[in-house]
Amino acid sequence: MIYLKTEDEIDLIKESAQVLGKAHAEVAVWVNPGVATKRLDSIAEEYIKDFGGIPSFKGFNNFPASLCISVNEVVVHGFPSGYILKDGDIISIDCGVKLNGYHSDSAYTYPVGEVSKEVMDLLTTTKRSLYKGIDQAVDGLRMGDIGYAIQSYVEDRGYSVVRELVGHGVGRELHESPEVPNYGKRGKGVKLREGMVLAIEPMINLGTKAVVQERDGWTIRTTDRKYSAHFEHTVVVRKGKAEILTTFDYIEKVTANTSLMVEVK
Ligand code: MG
Ligand code: MG
């Protein structure tokens, strides 16, 4: 069942997304060599609760934290831990907020300290691919158009697309129908309708597309242990042009002209 959201519901998701975007920025300024990833988690949780929100991930299928923190070869669903960030790492921070009964979901991958050009290119390509996908989230197009746009953009540049994990609908539930794959065929799949709220979240690998789940039951990593990047926005399908409900504006404001900056243009 795909729930089309009313304008009132979309406004509530936008409110949730504002808290989410600011929570991301609060965390971003702490992303530095020498910082334990669990520290980032407590900053996010406290911020979200201060604004009357609920961290969407904490307790979701028994996930233990407010952030998914996925470092280097970890694709998604990593646990915050005592791991100390070091120069040359990359860190995907994925967060969800429930406010007024509605979820929003977004993710951003940061370079830690100085990373190689090869790794920086992975980050910028993954971020650009997210916007390529969003460009297709238009009433009358098909789900496969989103996946095709992402897949063709990254594969043309020599990267690979994770198949086992996909984006999703967002609303009263964190994960709703339909699934939003980051690969696909043009003109195939679910027809997109105005009011569909979708989390589009390319997970893009430097090497093989193959991933494996660690024994903790959550952590997904690449089988070749090469780096993987992840960017995510929650968007609403509109006529003519998608509307992005989550925001990287706060992140981009605090990371501008720092080593954390991931440019798109
Ligand atoms: Mg997410
Ligand atoms: Mg998501």
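Predicted model: local features only at pLDDT ≥ 70, side-chain atom pairs only at ≥ 80, totals over all residues.

Trainee: Why are H3 and H4 called roughly antiparallel?

Mentor: Helix H3 (residues 117-134) and helix H4 (residues 143-155) pack at about 150 degrees, their axes 8 Å apart. Those axes are lines fitted to C-alpha atoms, for helices over the stretch in contact, and angles run from 0 to 180 degrees between N-to-C directions. The helices themselves are DSSP runs (H or I, at least four residues; strands are E, at least two), numbered from the N terminus. Angles under 35 degrees count as roughly parallel, over 145 as roughly antiparallel, 65 to 115 as roughly perpendicular and the rest as oblique. So H3 and H4 are roughly antiparallel to each other.

Trainee: What handedness does the crossing of H3 and H4 have?

Mentor: The H3 and H4 crossing is right-handed. The rule is that a crossing is right-handed if the near helix is turned clockwise from the far one by less than a right angle, and left-handed if anticlockwise.

Trainee: Which residues of H3 and H4 meet?

Mentor: On the H3 side you have Thr125, Arg128, Ser129, Lys132 and Gly133, and they meet Ile146, Ala149, Ile150, Tyr153 and Val154 in H4. Contact here is heavy atoms within 4.5 Å. By class, that contact has five nonpolar, three polar and two charged residues. The classes go like this: Ala, Val, Leu, Ile, Met, Phe, Trp, Tyr, Cys and Pro are nonpolar, Asp, Glu, Lys and Arg are charged, and the others, Gly among them, are polar.

Trainee: And how do helix H1 and helix H2 cross?

Mentor: The axes of H1 (residues 7-28) and H2 (residues 37-50) come within 9 Å and cross at roughly 145 degrees. H1 passes H2 in a right-handed crossing. Val19, Lys22, Ala23, Glu26 and Val27 of H1 make the contact with Leu40, Ile43, Ala44, Tyr47 and Ile48 of H2. The class count there is eight nonpolar, no polar and two charged residues.

Trainee: What makes Lys22 partly exposed?

Mentor: Its relative accessible area is 32%. Buried means under 20%, exposed over 50%, and partly exposed in between (1.4 Å probe, protein chains only). Lys22 therefore lands in the partly exposed class. Leaving aside neighbours within four places in sequence, Lys22 is in contact with Tyr47 and Tyr250.

Trainee: How do you know that Cys68 is in no disulfide?

Mentor: A disulfide is a pair of cysteine sulfur atoms within 2.5 Å, and the structure holds zero of them. For Cys68, the nearest cysteine sulfur is that of Cys95, 8.9 Å away. Cys95 is in no disulfide either, its nearest cysteine sulfur being that of Cys68. Cys68 has 5% relative accessibility, so it counts as buried; Cys95, at 1%, counts as buried too.

Trainee: What makes Asn61 and Asn62 worth a look?

Mentor: Phi of Asn61 is near 50 degrees, a positive value in a residue other than glycine. For Asn62, phi is near 70 degrees, again positive in a residue other than glycine. Asn61 lies in the loop between strand E1 (54-55) and strand E2 (67-71), and Asn62 is in the loop between E1 and E2 as well. With a relative accessible area of 57%, Asn61 is therefore exposed, and Asn62, at 69%, counts as exposed.

Trainee: Is Trp218 buried or exposed?

Mentor: Buried, because its relative accessible area is 18%. Trp218 sits in the loop between strand E11 (211-213) and strand E12 (220-222). Beyond its neighbours within four places in sequence, Trp218 contacts residues including Asn61, Asn62 and Val76.

Trainee: And why is Tyr108 called buried?

Mentor: Tyr108 has 0% relative accessibility, so it counts as buried. Tyr108 lies in strand E5 (residues 102-111).

Terms used: Residues numbered from 1 in each chain as written. Chains lettered and ligands numbered in written order. Heavy atoms only, no water.
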